[in-house]
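Hi,

Here's the structure I promised to pass on. Have a look at it first, and my notes follow below.

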Amino acid sequence: MYPPKFGYIRVASLDEAVKVLETDENAKILAGGQSLMPMLKFRLIRPSYLVDINRVSNLSYISIESDKIRIGALARHHQVEVNRDLWKIYPALLETAVQIGDPQIRNLGTMAGSLAHADPAADWPATLIALRASVKILGPSGTREVPVEDFITGPFTTALGKGEVISEIVIPRLSGNIKSSYVKLERKAGDFAVVGVAVTLRLSSEGYVEDASIGITAAGPRPFRARETEKALIGRKLTDDVIEEAAERAMKESSPISDIRGSAEYKRAMVKVITRRAIKNALSR
Amino acid sequence: MATTLKVGPEERVRIRVKVNGVWYERDVEPRKLLVHFLREDLGLTSVHVGCDTGHCGACTVIMNGISVKSCQVLAVQADGAEILTLEGLTKDGKLHPIQEAFWEKHALQCGYCTPGFVMETYWLLSENPNPTEEEIRRGLSGNLCRCTGYQNIIEAVKLAIQKLKELKAV
């Protein structure tokens, strides 16, 4: 299969990319390209130009700072997958990275690209929502930051406006006894999630949940933060009954559709199972 | 190789790519995929088109030290890059230890997926020279084989690990 004809612009900076996108609404960013190439081959999109940002220098960083982690727009999934320092802070990040696509795809695909593509079954959004991360956007009128939760507005739709590109992802470093986990149900290696649930918990020394955030993917038109589920956890000790109640709420908060990965009914049932597993997995750390 | 470059949809762009140690210069359409560049322009037919949608891994090559599916990369993206294909593994007519291991363990039947498996194994072992069986299976999860049931492929990778260790010891 051949992609449709398009032009190609290789830029040396994100500012240059913004300038192109500002004047040409049909131009599209090429980062890892691992979702873009199939879309082109299937002729689902026909961009005028691809704006290749792969030669922009200093954009592949994973910068661990005292209060936050900054991940550059060109950091590949594989970089996250093998970063031992990140494992010590948020195991959920590595757990997510390693379950995306397959090794070759992870070698090129980027976190920023996954967010911009906004597949409703993508893995990163669940985890980044649970970590309360935000997307730093560069546009014609400067930069702005949008929480990942609000960034994805629907299937394959984001808050990116005309001329805007993602420059980095910012993940706050929460203090205290933090546990995180991402559990994905998939039909086979390399597939998108049937459902995916990410959990972040802050526990008191007595084991009470002081704070919780839960991100769920593939269980609605867009990945979402399961606030009712969180409420069932906060202020409580995580007994089996408490976890069960939370998992039940997660199921009620979800609104999956029937597709090749299962019926809506099946997926709702799986949200419950996977939420339970994700909470237990986080606790086991 | 210019950092900033603009090519129209109807234009061709001159690219320079180092493949298996040799620099090549060719004019390509921006939409040309790396797999088609390697097969059609350079005649490197070990690089197979299998599914053409990024699932099967038959088109796997090494680009600047990492394994990629060459049907998921544009030729123009490889401008200035170093590419290694199966053809580049063989030295002076002698098979690479990974190729030998695939042969000895009968890790292929029809052979269509083999170049992709060999190249991904090459990358896997360059990242992790001593993987567990679980790591081998995960490491090759981006490559599909419809004949063997994978068992002999796993055995071949294990044998390749031994062969490469022995080579290093010499």
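A quick definition before the details: two strands count as paired if DSSP finds at least two bridges between them. Keep in mind, too, that this is a predicted model.

With that in hand, start with chain B. Strand β2 (residues 13-19) of chain B runs antiparallel to strand β3 (residues 22-28) of chain B, and seven bridges link the pair.

Next, the helix α5 (residues 151-169) of chain B. It has 19 residues and reaches 28 Å from its first C-alpha to its last, close to the expected 27 Å. Which residues of α5(B) are buried? They are Ile153(B), Ala156(B), Val157(B), Leu159(B), Ala160(B) and Ile161(B). Their cover includes α2 (97-104), α3 (114-127) and α4 (133-139) of chain B.

Now over to chain A. Its secondary structure comes to twelve helices and 14 strands. The radius of gyration of chain A is 19 Å, close to the 19 Å from the globule rule for 285 residues, so chain A is as compact as a globular protein of that length. Along the principal axes, its C-alpha atoms fill a box of roughly 60 × 45 × 30 Å. Of the 285 residues in chain A, 54% are buried. As for contacts in chain A between residues at least 6 apart in sequence, 64% join residues at least 24 apart.

Cheers

Note on methods: Residues are numbered from 1 along each chain as its sequence is written. Chains are lettered from A and ligands numbered from 1 in the order in which they are written. This is a predicted model: local features need pLDDT of at least 70, side-chain atom pairs count only at pLDDT 80 or more; totals for chains, interfaces and linings use all residues. Helices (H or I, at least four residues) and strands (E, at least two) are DSSP runs, numbered from the N terminus. The radius of gyration is taken over C-alpha atoms; the globule rule is 2.2 Å times the number of residues to the power 0.38. A residue is buried if 20 or more other C-beta atoms lie within 10 Å of its own, exposed if 12 or fewer, and partly exposed in between; C-beta atoms are placed from the backbone. Two residues are in contact if their C-beta atoms, placed from the backbone, lie within 7 Å. The expected span of a helix is 1.5 Å times one less than its number of residues.
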